[in-house]
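Reader: Hey, I'm new to this one. Can you walk me through it?

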Amino acid sequence: MITARIQRLLDRVKSASERVIHRESEQRFYAETIGAVMVEKTLPPVLLYAEFLYKFAEKFPIEPDNDELIVGSQRFTRPEWRKYLSEDELTQIGPFGNIGHICVDYGRFLCRGVQGVRSDISAMLPGNNKEAFFRALEAFSLLVRRHGCDSIAEAPPTTFHDALQLVWFIHVFLHAENNAAAVSFGRLDQYLGLYLENDLDSGVITWEEAFELLCCFCIKCCEGDESQNLTLGGTENRLSIMLLRVMAELKIWQPSLSVRIGPDTSGEFMSAAVDLCAVGTGMPSFFNEPVVTGSLEKLGISRNRAEDWGIVGCYEAAPMGNSYPLTVAGGIVLPEILWDFLQNDDDWNSFDEFYVGFKSFFRAKYLQCILPEFEKRRIGMADKFPSPFESICVTGCIESGLNAEEGGAIYNLYGVNILGIGSLIDSLLSIRKLIFDDKDITFEQMTTQLADNFPDKKLLLRCRNLPDKFGSDCLATNKLAANISSFIAKVILNHPMSCGTRPYPGFFWFGQDIHRHVAAGPDGRIAGERVSYGCGPGEMLDSAGVTSILNSAACIAHSLCACGNPLTISLNRSDVAGDSGKARIRQLVESYFQRGGFHLHFNIVDAEQLEDAKQNPEKYADLVVRVSGYSATFINIAESWQDAIIERTKLGM
Amino acid sequence: MSKEVTGTVFDIKKFAIHDGPGIRTTVFMKGCPLRCVWCHNPESISPEIEISLVEHKCIGCGWCFENCPNQGHQMIDGKRVFDRSKCIRCGLCASRCYADALEVIGKEMSVSEVITEVMKDKPFYDNSDGGMTLSGGEPMLQFEFTKALLIAAKEQGLHCCLDTCGFAPFERYREILPYVDIFLYDLKNTDPERHKEYTGVPLQPILDNLRNLSDAGAAIWLRCPIIPGINDREEHLIATGMIAESLPGIKQVTVHPYHPLGSSKSKNIGKDYSLSDKDFAPREDVAKWVETIASQTSKEVKSEG
């Protein structure tokens, strides 16, 4: 069902050697605008940011394109914009850009329209926030008018097309403000679904026309940021199914689709999701609806509100539209904490003693060192990065009079991303076996070996090849996994910040498995070797099967980890071919979710193909794979990431 | 007490998707009465426990040289030598080989141990109409063990497949018939002389058992390994299709194209491999084999792995 127009837009976005947002003209404009505004230090930050938005909306270049049904280009630039400013200017400006990773209340904005939102703001108590919110809203309205979309510059939209366009403008503007990443759409099928139903039923739009519109929208997303998450399902409607079908046809890498799978999921919806999965572009991410809802309730969020969750960024759940979740704000590297613990000179009589000691150490370290740092960072945001437009769009801010960074949202969370649970478990197993069970080595010898990066090659091999590693579905290992992950999650859950923000855990830290240089570990990793990612096993697992990995990962404390407990499984294309192959995907998802897993997604590839793509990239311009929580064109990914994907594909991860 | 019966197992493979319907776990038993020249599981042939040595993994730590009770591992003229005639298969060398160069192939397991392992994936079986498959080697060679496993599996409500070459007394097949949902039945060659030459055993008992199973009401999936130059002859493919058509018990036919992955495994257990010159069959040839068989029967014919 791809029209000629869509084919043109597709070809353009796939062949673009650089995205609009990366063009020099874009970078320069962005830098100059910031430079022009941010030097006025007499204004409070929130007003400065509003001024920036106004100048931006006023001046940025618009390229008219009669072929497009959805207009407006995403403006989110890379840090390269900084090179257009002098050292002085940079120092004067200071840091610019918050961490994004939010999903605002698009639905409320659609209902109110610009004029309704303006009227809501006017009810605020006077102050800098009110002034800044007004200014930011005017800037937004100007943006819309400059694109020629007068029907939605003031009044709320009445058609599906207008509503979709307004969503896109909100999205664009959020990216412009603060240069944010992973601004997510949330439950688009819920807040746009009724517009589509009404237009279809009353004949304002045909199915084909709506399909084409959505194609335009999705292709638009490919122009910009890598991780625009869009959550479907829960309550299904025609928009839910249509979007799944659009993405299956287009085979592009954005938006990043997530689906809610639960007891009420219809066969049709699941089938459409599986069809998309079998296409092999790494979507959708499957989320276990009751488990995710339950994990948000652990934060004191009421059932009703917790049920209305969507995914932000890669895998992080948050209540939709009314939360400021800061999902990637905090990080912990478990193997580093174990390393610190091992530097202590203590004597342990048994593994149980050692294990209890480690848990106490973790708790103390988190509460005394790590959490205070997180809190400092959280409070610092209020001063440095207040975002007036984002705050307008997050329910709770206008009502409370506070911007989002000050804590205006109804729910204030702080993501604690935890790296290396698999490697930690394997390390504990090594310690138990070699030091306590077999008594082949002392603690001192172990720490010396680690510090010197395993000069004893036989010991290194022994650690690497130890049987029953996490992922092999060994009962004792699974019990350890359940115990340690539950403990860590609870330490984080049970200690809110004094400012009221709730840290919340997720066992993954995007990119840190590749970038972070971690010292050697008892699991047999040498220094700098990748640690385990998400809830998956370490890479030294000796070819466990898919089901063993799923059974093992199911033991991680998913019900406590709303900030995301991802698991990637690689399957060969031949394994998911045909109806039996698609059925297989569904069976794996259902079985894993029955066991309580939080999330599952698939890389449909084969390792040989990926190796070939490295050698002969020109043959693989269309190959899209899964990278953590989003999909990307394989040949454009950095080499260290490519290697990780290849290695993990071979292991079925 | 069926739980006390033991057998020699050399692998338990999870997420087996080519060994019967759904997602399954396949239990591989050691020992086979056939000697197929193309066998890609050569470590399955001998019923005895064996030691496998993967030479390139050896790091030369010397532990096996020093500790083998029978001096089976030696360094001669700077080269590592494994004298298998001295090997008493105690497994000591493998237990301390951290490089994973030496491994014991084959393990004595009780029925309850096997079933416990198989049951780990029960949700996957339930959601996919999968279950347990017994294979090998030839499971019928460890008949008591196979029978006890099937009975125990049925007690757990598991769907059971039996992968067999058909070379066993029919009374035994009749005994386990109530517990087997699908027989995955190998048919290696329909020409009696070629069959004897390439598998080491006569064809007729295998054909008789196939017919008898079908008459007894068993459900059968016919599995046909096709090796270029050995049994890819048109006569064999036609005859296979005709057999499939004539026996109501046969529900489908799968063609298994040859793959050369058995060669390194043979080397690791100190055996020769006679088909070292063969490679993966081209896709067009495989399609033609399927087409030829399908021309003789209305039942489903497809190729796999």
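Predicted model: local features only at pLDDT ≥ 70, side-chain atom pairs only at ≥ 80, totals over all residues.

Reader: Okay, and what's the peptide bond from Gly136(B) to Gly137(B) like, cis or trans?

Author: That bond is cis, and its omega is near 25 degrees.

Reader: What about the bond from Gln254(A) to Pro255(A), cis or trans?

Author: The bond between Gln254(A) and Pro255(A) is cis, with omega near -5 degrees. Pro255(A) is in a loop too, between α10 (238-250) and β2 (256-261) of chain A.

Reader: Switching topic: how many cavities of 30 Å³ or more are in there?

Author: Five cavities reach that volume. The largest cavity comes to about 300 Å³.

Reader: Which residues lie nearest the centre of the largest cavity?

Author: Those are Asp513(A), Tyr533(A), Thr568(A), Ser628(A) and Arg648(A), out of 23 lining residues.

Reader: And which element gives the most to that lining, the one of the largest cavity?

Author: α26(A) does, with five residues. In chain A, α22 (512-515), β11 (599-604), β12 (624-627) and α26 (639-650) each bring at least two residues to the lining of the largest cavity. By class, that lining has 12 nonpolar, eight polar and three charged residues.

Reader: How much space lies in the second largest cavity?

Author: About 140 Å³. The second largest cavity has 16 lining residues, and nearest its centre are Cys58(B), Cys61(B), Cys64(B), Cys97(B) and Leu102(B). Helix α1 (residues 63-67) of chain B gives the most to this lining, with three residues.

Reader: What's the split by class for the lining of the second largest cavity?

Author: It divides into 12 nonpolar, two polar and two charged residues.

Reader: Back to the backbone. What is phi for Ala182(A), positive or negative?

Author: Positive, about 55 degrees, although Ala182(A) is not a glycine. Ala182(A) is in the loop between α7 (160-176) and α8 (188-202) of chain A.

Reader: Is Ala182(A) buried or exposed, and why?

Author: Ala182(A) counts as buried because its relative accessibility is 4%, and the cut-off for buried is under 20%.

Reader: Where is Phe15(B)?

Author: Phe15(B) is in strand β1 (residues 6-16) of chain B. Phe15(B) also has a positive phi, near 50 degrees, without being a glycine. Phe15(B) is buried, with a relative accessible area of 10%.

Definitions and conventions. Residues numbered from 1 in each chain as written. Chains lettered and ligands numbered in written order. Heavy atoms only, no water. 1 Å grid on protein atoms, 1.4 Å probe; cavity = no way out; pocket = protein on both sides within 12 Å on 5 of 7 lines; lining within 4 Å. Points joined across faces, edges and corners; volume = space filled by probe spheres on them. Helix = DSSP H or I, 4+ residues; strand = E, 2+ residues; numbered from the N terminus. Nonpolar A, V, L, I, M, F, W, Y, C, P; charged D, E, K, R; others polar. Buried < 20%, exposed > 50% of the residue type's maximum accessible area, 1.4 Å probe, protein only.
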